[in-house]
Amino acid sequence: MAAYLKLDHIDKSFVRGGQVSEVLKDIRLTIDAGEFVSIIGHSGCGKSTLLNLIAGLTKVSKGAVLLEDKEVDSPGPERAVVFQNHSLLPWLTVYENVNLAVSKVFGRTKSRAERHGWIMRNLDLVQMAHAKDKRPAEISGGMKQRVGIARALAMEPKILLLDEPFGALDALTRAHLQDAVMDIHARLGSTMIMITHDVDEAVLLSDRIVMMTNGPAATIGEVLSVPLARPRRRVELASDRTFLRCREAVLKFLYERHRFVEAAQ
Amino acid sequence: MSIQSVEDTEVKAFPAKPAEVVAFAAKARRRINPLAIARRLATALVPPAVVILILLVVWQVACSSPTASLPPPSQVWNEAYDLIAHPFFDNGPQDIGLAWRVLISLQRVAIGFGMAAAVGVALGALVGQSVWAMRGLDPVFQILRTVPPLAWLPLSLAAFRDSNPSALFVIFITSIWPVIINTAVGVRNIPEDYRNVARILRLNQLEFFIKIMVPAAAPYIFTGLRIGIGLSWLAIVAAEMLTGGVGVGFFIWDAWNSSRLPDIIVALAYIGVTGFCLDRLVAAAGAFVTRGTTAK
């Protein structure tokens, strides 16, 4: 079976004022449909750049991103992004924020009533239907991120890209949202790629963890499969041997073999 | 035994009591509210009233001597009483009440400023969006915006060969600069994330303009509009003094030519109050439209 998403020998460098800085070098990765893949690495290693390349928000310097054997060269709703700081439009209500996406993506194919039903279904999925008439300023950070996820899901993407989606949240809210994402992944079977710098989060959610080496010219250092059965429950996993082994492997990669050397930055 | 039991019930009842007391206090506070509002109104209105009264008295004293060149307030009141008391009289083409004249001037401002707002927002969006448009247009705007409104008048009279479109053009050209410049700044400050959302949704230029750019830049746009409407009110009065017609500016010029100084003073008061109202109107519209955009 051909890979669903293929990152084919990708290089990315930025040119600023005649100076070329190589950010990513020779990234090779294939992701199957329905897989949950986390990308982990120290800050500044180009994880977000990699996600932006898949989203099409920035262009690759060399190589190609292939989604179902078609080259990705511009952003589109089939690769929806959940942004780190939610980026909901503050002048629209929760409902209108999701509607902006739904009316653009399904404006021609769905009737008004169908679109309404689809918006409400996605808000239900993240348990935010009760706040549909609130503006982003009136709801908590965790709720905003839920709406951000609903907006992305409502585009019915082939791949959901999550850019450190829980980075700005407190630990408890974070846990709730991780459970919500696991639940959605199980129910919809969608393909998801998540950027994170939280080892526990990566192991808990992922089928595979992609570990990045430090920049400049960062690349994929190692890919770890997480052979844990789903549904996963965080309390049970806390003492699970496989979970702990995976966690240890990621920690070793990050803190022994590719230690973040601040002096070098 | 009995005393103890009484104490017990009292102790049990205790936690419920403070809540009641709090509720009562809140109700009592609500009852005082009208008084508080009256007090707030008084603090807002009494100081300006006192200052105006003092100014009137000073003016009266200063202009009461027979050699004074300007009329005192009492004379203004007596001689221009018709203008003050009947703003809406209409005795033929050139003899109409001041309110009519203000309305005619306002109509000109509405047309000229409306065009300036539409063109200014569009041009500002272009300058804010495109680096090359900014590099090319910004120096031109910066130079043209310093040209005083009336300096445009001879040129526009030559171009339009009619006073009314010339007056409209002067309003337009005066009020468009702050709209352009503020819109451009607002558009440049749109967060990158909003742009990314638009790109992922593949919004086209028009959809991006209507759904993201205008609401995101709205606070800046309204700052520009507010400055613009103030400038256009300044410009119309000056332009009408030169082009004639029936506006309030021409009325002042006409009164000066026939030495009716009290009429001029009444007209100035009208112009000031109208300008103040225009400013507040745009500010209120801005506050209403942007109520969602400023809070994050």
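Predicted model: local features only at pLDDT ≥ 70, side-chain atom pairs only at ≥ 80, totals over all residues.
1. Start with B:Ile54, which sits in helix H2 of chain B, residues 16-62. Helices here are DSSP runs of H or I with at least four residues, strands are runs of E with at least two, and both are numbered from the N terminus.

2. Residues are numbered from 1 along each chain as its sequence is written, chains are lettered from A and ligands numbered from 1 in the order in which they are written, and side-chain values use heavy atoms, with hydrogens and water left out.

3. How do chains B and A meet? They bury about 2,000 Å² between them, 66% of it on carbon and sulfur atoms. (Buried area is the accessible area, with a 1.4 Å probe, that two parts lose on being put together, summed over both.) B:Ile200, B:Leu201 and B:Arg202 supply 34% of the area that chain B buries against chain A, more than any other three residues. The contact involves 26 residues from chain A and 20 residues from chain B, where contact means heavy atoms within 4.5 Å.

4. Now for the charged pairs at this interface. The rule finds two salt bridges across it, a salt bridge being a side-chain nitrogen of Lys or Arg within 4 Å of a carboxyl oxygen of Asp or Glu. B:Arg202 turns up again here, in a salt bridge with A:Glu78 whose closest N and O atoms are 3.9 Å apart. On the side of chain B that touches chain A, helix H9 (192-200) and helix H10 (205-243) are the elements giving two or more residues. H9(B) gives the most, with six residues.

5. Take a look at A:Glu35 too, in the loop between strand S2 (19-31) and strand S3 (36-40) of chain A. Is A:Glu35 buried or exposed? It counts as buried, because its relative accessibility is 12%; the cut-offs are under 20% for buried, over 50% for exposed and partly exposed in between (1.4 Å probe, protein chains only). Its side chain makes a polar contact of 2.6 Å with the side chain of A:Arg208. (That is a pair of N or O atoms within 3.5 Å; within protein, one must be able to donate a hydrogen and the other to accept it, and residues adjacent in sequence count only if both atoms are side-chain atoms.)

6. Over all chains, the structure holds 22 salt bridges. In one of them, A:Asp179 pairs with A:Arg234 at 3.1 Å between the closest N and O atoms. A:Asp179 lies in helix H5 (171-188) and A:Arg234 in helix H7 (234-237) of chain A, so the pair ties together parts 55 residues apart in sequence. A:Asp179 is partly exposed at 36%, and A:Arg234 is partly exposed at 30%.

7. Finally, A:Glu248 and A:Lys252 form a salt bridge at 3.4 Å. They are separated by about one helical turn, because they are four residues apart in helix H8 (241-257) of chain A.
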